[in-house]
Amino acid sequence: MTLEEFANKAGMRVVPSEFEDGEFDYQGEDSPNTTVTGFSSKNAAYRFWLIETFGKKTAAAIRKLLKEKGK
């Protein structure tokens, strides 16, 4: 499973930016009226979401597990 697949299953989606501060934004299913903006890539948005949602240590553990699962 990739980080993108994990995030999508958790209700997070990356959308094209409507603002001038970046190319991509993300929205969560739990808060559809809130958009986090300003990402230059989809991957940057997914990484930021992971850290903001779970914290640095847990995010690192999740990324490691996802990499191991992908092998």
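Student: At what angle do α2 and α3 pack?

Tutor: Helices are DSSP runs of H or I with at least four residues, strands are runs of E with at least two, and both are numbered from the N terminus. Axes are lines fitted to C-alpha atoms, for helices over the stretch in contact, and angles run from 0 to 180 degrees between N-to-C directions. In this predicted model, local features need pLDDT of at least 70, side-chain atom pairs count only at pLDDT 80 or more, and totals for chains, interfaces and linings use all residues. Residues are numbered from 1 along each chain as its sequence is written, and side-chain values use heavy atoms, without hydrogens and water. Here α2 (residues 42–54) and α3 (residues 56–70) pack at about 125°, their axes 7 Å apart.

Student: Which residues of α2 make the contact with α3?

Tutor: Contact means heavy atoms within 4.5 Å. Arg-47, Leu-50, Ile-51 and Phe-54 of α2 meet Lys-56, Thr-58, Ala-59, Ile-62 and Arg-63 of α3.

Student: Is Ala-45 buried or exposed?

Tutor: Buried means under 20% relative accessible area, exposed over 50%, and partly exposed in between (1.4 Å probe, protein chains only). Ala-45, in α2, has a relative accessible area of 0%, so Ala-45 is buried. Leaving aside residues up to four places away in sequence, Ala-45 touches Met-12, Val-14, Tyr-26 and Phe-39.

Student: In which sense do β2 and β3 pair?

Tutor: Two strands pair if DSSP finds at least two bridges between them. Strand β2 (residues 24–28) and strand β3 (residues 31–39) are antiparallel, over 4 bridges. They form a hairpin with 2 residues between them, and Gln-27 stands opposite Thr-35 in β3.
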